[in-house]
Amino acid sequence: MSDVTSSRKFGTGPLSRASALIYTLLVVELLVLLTAVPGLVVLVLLDRDASNVPLMAACLLPAGPALSAALYALRHRGRELTELRPASAFWRGYRLNFGASMKIWVPWLAGLALVGTNLGNFSAAGVPGWWGALLVVLAAGATLWVANALVITSLFAFRAVDVAKLAAYSLGRFPAATLANACLLIVAGGVTLVATEAVLALLASVLAATLLWNSRSMITEVQQRFTRQ
């Protein structure tokens, strides 16, 4: 018994691994808030009015690279207490993926702003009710797509057009993951409606970790089929 205990490496037990995960989530959360805080502060102060939708979208611009860096850091996190460098992994992911993440984040935000503006002025537009329902479905589909695209562009080096195609392909290829991400989207929307965007921001690292967990089948297939081993 003493031989087994003495040979066990420090920081490899279940409690140590749980502590390592919690520490990583906390550090990543702080860094997400740090990199996205300029937009988040303005976003929280804005009234929830249709006229502010474009400005809300602009406030969310820094959140794209921040979430991408969080996904990268969580994917490359150390499992043991002696291997914890979440801050280094976050900043590496931020530098590597800033441009690539913005290429998918900006068009999505622009599309979402357009949909939000239309829905906010829906009664004045005089269009049929089914058009509003269609816009909601399109916005939800686009959000599920950008979730896949963020995961792919954060972990792999593809052209933006290839990321877009793979993200769209994965929506149908992995229905369980798409359903899980849809549930995550509903939870995020509920938190925003019941509380504020600030509460959602405080859960950014947990949401990113959940998204990463939901996407593991997609990540495996992309790695095996579309990258060089």
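A contact here means heavy atoms within 4.5 Å. Among contacts between residues at least 6 apart in sequence, 76% join residues at least 24 apart.

Ground rules. This is a predicted model: local features need pLDDT of at least 70, side-chain atom pairs count only at pLDDT 80 or more, and totals for chains, interfaces and linings use all residues. Residues are numbered from 1 along each chain as its sequence is written, and side-chain values use heavy atoms, with hydrogens and water left out.

Now the fold. We have 12 helices and 0 strands, taken as DSSP runs numbered from the N terminus (helices H or I, at least four residues; strands E, at least two). Along the principal axes, the C-alpha atoms fill a box of roughly 80 × 40 × 30 Å. Of the 229 residues, 39% are buried, meaning under 20% relative accessible area with a 1.4 Å probe, protein chains only.

On to the pocket. A pocket is an open set of points on a 1 Å grid over the protein atoms alone, where a 1.4 Å probe fits, with protein on both sides within 12 Å along at least five of seven lines; lining residues have an atom within 4 Å of a point. Which residues are closest to its centre? Of the 45 lining residues, they are L60, W108, L112, T192 and L200. Helices that each supply at least two lining residues include α2 (14–45), α5 (86–120) and α9 (175–194).

Definitions and conventions. Buried means under 20% relative accessible area, exposed over 50%, partly exposed in between (1.4 Å probe, protein chains only).
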